[in-house]
Amino acid sequence: MNIDKVYEPQRFEPRWAKWWIDEGVFAAGDKPGATVFSLVIPPPNVTGSLHMGHMLEHTEIDVTIRWHRMIGDNTLWLPGTDHAGIATQMVVERELARNGVKRQDLGREEFERRVWEWKREYGGAILRQMIRLGASCDWSRERFTMDEGLSRAVREVFVRLHEKGLVYRGRYMVNWCPRCQTALSDLEVVHDPAAGNLWRIRYPVKDSADYLVVATTRPETMLGDTAVAVNPADERYLRLHGRSAILPLMNREIPVIADEVAQPEFGTGVVKVTPAHDLNDFEAGKRHNLPHVKVIDEQGRMTADAGPYAGLDRFEARARVVADLDAQGLLAGVEPYSFALSKCQRCKTPVEPLVSTQWFVRMKPLAEPAIEVVKDGRIRFTPENWTKTYFEWMYNIRDWCVSRQLWWGHRIPAWHCLDCREIVVAREAPSRCPCGSSNLEQDPDVLDTWFSSALWPFSTMGWPGDTEDLRKYYPTSLLITGFDILFFWVARMIMMGLEFMGDVPFREVYIHALVRDAEKQKMSKTKGNVIDPLEVTEKYGTDAVRMALLQGAAPGTDIVLSEERMVSSRNFANKIWNAARFLFLKMEYSGIEPAIPEFHGDLRAAPLEDRWIFSRLARCAEQANRSVAQYRYHEGAQTLWHFFWDEFCDWYIEIKKLRFQENSGLTDDWRNVLTVFETALRLLHPAMPFITEELWQRLAAGSASRPKSIALAAYPQPRPEWQDEEAERAMGLLQEIVVSARNLRAQMKIDPKQQLDGVLYARDGARQVALSEAEAIRKLAGVNLEVSAAEPPQTGAALRSTPEFDLLLSVPMAQVEAERARLAKEIAQLEKLVDNSKRQLANGAFVERAPAHVVENIRAKLVDYEAQLDKSRSALRGLA
């Protein structure tokens, strides 16, 4: 059977990735009576490219979906992408800017056409990358959040929410990004630690020599102050209630109001009130009917109401305002101050709180049932600690600003009558306003990207139609996603699913962790520690990178990914490849055609190694199934690694080499070996799909009745009848005898090819194993053993003792003398190191002056030196 000598995954991975799609291997289908298992992909941005977080997420989803497919479930993994309003518009605008063109030069319709053109040409990159990396989605069902069907669902949801009074339009304080030129929801704002200043400003009290001192981190906003506030219970300022202050620099009279926005224990207990530029001040302004003076506009520049500072950038204005206050003696002080700076999540521009007319969704009525379904267990979070985080956000939820001042996205289905100012919300464009006018203009804003994403589990299956897919696959079974979109997406899907489908969108939510670098640092471009999944999969193979990720994927624990771990995983894949190559070559030698053999199933008369490996295979299958079901991917990966490398390759195949004979045909030895190998490939397939498909197809080439892909073969289930405690105990003794002999040979530096004699002073169990497996011991350890029931000698040139046996090897005297000399030299060196360490630690002055970590390091080394010294002295005594 022809198989490449070297494992080169790049030669076959692209072929299988394409073949799986061409053959429809991953298509959800009709399986009468089968359990349905469905999930939807967290849709990546259409502008995106795979990063390591995606690869972890997709690997965990893929392992899960392949396992469910192989256990016989009717599985659906539904793929697609998000239109990513702000991100996509920014990409296209940058391309236009290279040619000196702005979107306003094109007009809205032409700009939208250009974005669709860009999407068709470049927007599928991330999906092509997913296909290349083996994601087993049903690619015939790929969706896009601005598909016609999904757009219809978006309009339907908006109209229904409006009809229930849950969508409204109003003036409110919003987060405004001067760079993206749009409002942002609270979740689209990040709060980064920043070092700034706290300025203390004197506000003269009218008709008095008194001043009120207020503190602010944003002195440029004082130009828009319309009051100063003191707490009504603060006795220091009772005399000023109802008085007025003079706004510095602007010489405008503003009232002193009594309001709880001022906290007596904070600073001087006096705060400036700027209703147009601060949320708390906005609310205080409503309580006291204060005017709004907008001094910063949507571009982040000062308005005409800023007086002499009009036209300045907001940060330029800050410097000018501070300088002028200082010049007029109104700056009471300045001190360094650390605070959280609010920035646009997308472009990192500091956001500006502005009062604006926007569309909002009332969230509390939607949140209440979404809280209950998690309380009563209809949705379960893993790890469970995310439940508390979910509740904290849902109990404190605020109305959602859903309008964005963009051109790319789902345009809000509302039309403004230019005659009567009525707003008509409708599923389709109305021809007339209820007033009779046909002079209608659609609202220019689009919906927040997350609005359409919130409908993803049911809009992708045909809602608002009553489709077969919805009846079969909704609610979905599971959602695997990152914690960073728990509120952006997960919570909103729960609310929308309950509101429009009357049921939860998924039964379980598994929150995966972050992928960190070898130093446990978060990956970021600024740190230069980003690992590109496309580069490392090309270098090490997709299967190796998947296995490296899975080995660290314990629930609730961030994954440390290093080059060393990927190299190790590639070595594991290479080990499997070499084992397969050995078997395929030996099959030719033994005259066996490639095929999956029929297993007889009776192991009672089988050799020890067969009874042992089938018992270990049964335990491996049990653990592998349990690990995927419980999202303990790391345990499954480690179990499979241990079985393949440590048990199947290092022991079972090595023993079976002694059994294979030329032109033997399909003996029981071969039947058992191939059964174990084929079963193990199926166990490993969800984790390492490419290498297992490649090897399984070669092995199964002559099997008539088999699935066309290993992905459609049955996943091995636990077989209690294979479990054999006695065989595992006996094999454990055989391994211990062989390892003891190998260790003694290595310790004495004896040529591995040199055959030795020895005596095994064995208790009952070890004696039986040594007698029945003498040939295996001779081949694997290079030792001809005499088995004795007598008491062992107390010393010997090469003696190894265990509770089950004592092994004495006959070693040439020259090697004994060489070993004695080596140990004597080693002991002398260690004694010197121990003395030096003790001398340092006994020196009180040194211990007091030296850094603590240096002293601790010496103490730790002393413990190691003493342990090594005891071991070497014991070995020397054994040579007596």
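Buried residues are those under 20% relative accessible area, exposed residues those over 50%, and partly exposed residues those in between, with a 1.4 Å probe and protein chains only. The structure is a predicted model, in which local features need pLDDT of at least 70 and side-chain atom pairs count only at pLDDT 80 or more, whereas totals for chains, interfaces and linings use all residues. Residues are numbered from 1 along each chain as its sequence is written, and side-chain values use heavy atoms, with hydrogens and water left out.

View 1. Helices (H or I, at least four residues) and strands (E, at least two) are DSSP runs, numbered from the N terminus. Helix H3 comprises residues 85-98, 14 residues in total, and reaches 21 Å from its first C-alpha to its last, close to the 20 Å expected at 1.5 Å a residue. The expected span is 1.5 Å times one less than the number of residues in the helix. The buried residues of H3 are Gly85, Ile86, Ala87, Thr88, Gln89, Met90, Val91, Val92 and Leu96. These buried residues pack against helix H4 (103-106), helix H5 (108-122), strand S6 (182-184) and helix H12 (449-453), where contact means heavy atoms within 4.5 Å. Gly100, which follows H3, has a positive phi, near 75°.

View 2. Four strands form an open sheet in the order S10-S11-S9-S12, with mixed pairing; two strands pair if DSSP finds at least two bridges between them. S10 and strand S12 (270-273) stand at the edges with a single partner strand each, so one side of each is left without a neighbour in the sheet. Neighbouring strands of this sheet are turned against each other by 35° on average, direction ignored. S10 and S11 run antiparallel and are joined by four bridges. Leu247 has Arg252 in S11 as its bridge partner. In the loop between strand S10 (244-247) and strand S11 (252-258) lies Asn251. Asn251 has a positive phi of about 55° although it is not a glycine, and is exposed, with a relative accessible area of 64%.

View 3. Asn289 is placed in the loop between helix H8 (279-288) and helix H9 (314-327). The phi of Asn289 is near 55°, a positive value in a residue other than glycine. Asn289 is exposed, with a relative accessible area of 71%. Most residues other than glycine have a negative phi, and most peptide bonds are trans.

**View 4. Two cis peptide bonds.** Thr382 and Pro383 are joined by a cis peptide bond, with omega about -5°. Pro383 has its place in the loop between strand S15 (380-382) and H11. A cis peptide bond also joins Trp463 and Pro464, with omega about 15°. Pro464 is found in the loop between helix H13 (456-459) and helix H14 (468-473).

**View 5. Trp393 in helix H11.** Helix H11 (residues 386-395) contains Trp393. With neighbours within four places in sequence left aside, Trp393 is in contact with Leu187, Phe487, Ala491 and Met495. Trp393 and His410 are 17 residues apart in sequence, and their C-alpha atoms are 27 Å apart in space.

**View 6. Packing of helix H17 with helix H22.** Helix H17 (residues 542-551) and helix H22 (residues 689-699) pack at an angle of about 130°, with their axes 7 Å apart. Axes are lines fitted to C-alpha atoms, for helices over the stretch in contact, and angles run from 0 to 180 degrees between N-to-C directions. The angle makes H17 oblique to H22: angles under 35 degrees count as roughly parallel, over 145 as roughly antiparallel, 65 to 115 as roughly perpendicular and the rest as oblique. Thr542, Asp543 and Arg546 of H17 meet Pro689, Phe690 and Ile691 of H22 in this contact.

View 7. An open sheet of four strands has the order S27-S26-S29-S28, with mixed pairing. Strand S27 (783-788) and strand S28 (799-801) stand at the edges, each with a single partner strand. The twist averages 20° from one strand to the next. S28 and strand S29 (residues 805-809) run antiparallel and are joined by three bridges, and Leu799 stands opposite Leu808 in S29. H23 packs on the sheet, touching strand S26 (756-762), S27, S28 and S29, and its direction makes about 35° with that of S29. Within helix H23 (residues 725-747) lies Ser740, which counts as buried at 7% relative accessibility.
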